[in-house]
Amino acid sequence: MGNVVEVKVGLHCEECIKKILKAIKKMEDIETYNVDTQLNKVTVTGNVTTEEVIRVLRKIGKTARNWEGDEIYG
């Protein structure tokens, strides 16, 4: 089993969610992913790091932060 990465991302509309899902699906070595619109939370499981997930989200113009802390990326 890989790492479980949780990040906070602004999920404003269906288009935002589609863009996020499309970007995550393109990542290598992911096992599962989930978008929780109630919590504005994206969870990715696999051979990935928090920084990699946040970098992918930044590329599509999303601001993301580590779920556990206050570090803001993007």
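Modeller: A residue counts as buried under 20% relative accessible area, as exposed over 50%, and as partly exposed in between. The model we are looking at is predicted.

Biologist: Thanks! With that in mind, is glycine 61 buried or exposed?

Modeller: Start with its place, which is the loop between helix 2 and strand 4 (64-66). The relative accessible area of glycine 61 is 63%. The cut-off is over 50%, so glycine 61 is exposed.

Biologist: How far apart in space are glycine 61 and glutamate 51, C-alpha to C-alpha?

Modeller: Along the sequence, glycine 61 and glutamate 51 are 10 residues apart. In space, the C-alpha to C-alpha distance between them is 15 Å.

Biologist: Let's step back to the whole chain. Which pattern does the chain follow, read along the sequence?

Modeller: The chain has two helices and five strands. Reading along the sequence puts these elements in order, and the pattern is β-α-β-β-α-β-β.

Biologist: What is the radius of gyration of the chain?

Modeller: For 74 residues the globule rule gives 11 Å, and the chain comes close to that, so it is as compact as a globular protein of that length. The C-alpha trace spans about 30 × 25 × 25 Å along its principal axes. The radius of gyration itself is 11 Å.

Biologist: Where in the chain is confidence lowest?

Modeller: Overall, the chain averages a pLDDT of 90, and 91% of its residues score at least 70. Confidence is highest in strand 3 (residues 41-46), at a mean of 96. Where pLDDT is low, the predicted coordinates should not be read in detail. At a mean of 51, the lowest confidence belongs to strand 5 (residues 72-73).

Biologist: Now for the inside. Which elements give two or more residues to the largest nonpolar core?

Modeller: This core has 16 residues, and those touching the most other members are Val7, Val9, Ile20, Val42, Val53 and Leu57. The elements that supply two or more residues to the core are strand 1 (3-9), helix 1 (14-25), strand 3 and helix 2 (50-59).

Biologist: Which residues is isoleucine 20 in contact with, leaving aside neighbours within four places in sequence?

Modeller: Isoleucine 20 is one of the core residues that touch the most other members. With those sequence neighbours left aside, its contacts are Val9, Gly10, Leu11, Val42, Leu57, Ile60 and Lys62.

Biologist: Let's turn to the strands. How many bridges join strand 2 and strand 3?

Modeller: Strand 2 (residues 30-36) pairs with strand 3 in the antiparallel sense. The number of bridges between strand 2 and strand 3 is six.

Biologist: Which residue in the hairpin of strand 2 and strand 3 takes a positive phi?

Modeller: This hairpin has four residues between the strands. The residue to look for lies in the loop between strand 2 and strand 3, and at 25% relative accessibility it counts as partly exposed.

Biologist: In strand 3, what is the bridge partner of valine 5?

Modeller: Strand 1 and strand 3 pair in the antiparallel sense over six bridges. The bridge partner of valine 5 in strand 3 is valine 44.

Biologist: And in strand 4, what is the bridge partner of lysine 8?

Modeller: Strand 1 also pairs with strand 4 in the antiparallel sense, over three bridges. In strand 4, lysine 8 has as its bridge partner arginine 65.

Biologist: Is threonine 43 buried or exposed?

Modeller: Threonine 43 sits in strand 3, and its contacts beyond four places in sequence are Val4, Val5, Glu6, Thr32, Tyr33 and Asn34. Its relative accessible area is 17%. The cut-off is under 20%, so threonine 43 is buried.

Biologist: What is the relative accessibility of threonine 32?

Modeller: Threonine 32 lies in strand 2. Leaving aside neighbours within four places in sequence, it is in contact with Thr43, Val44 and Thr45. Threonine 32 counts as partly exposed, because its relative accessibility is 43%.

How values were computed: Residues numbered from 1 in each chain as written. Predicted model: local features only at pLDDT ≥ 70, side-chain atom pairs only at ≥ 80, totals over all residues. Heavy atoms only, no water. pLDDT = per-residue confidence, 0-100. Core = buried A, V, L, I, M, F, W, Y, C linked by side-chain atoms within 4.5 Å. Buried < 20%, exposed > 50% of the residue type's maximum accessible area, 1.4 Å probe, protein only. Contact = heavy atoms within 4.5 Å. Pairing = 2+ DSSP bridges. Rg over C-alpha atoms; globule rule 2.2 N^0.38 Å.
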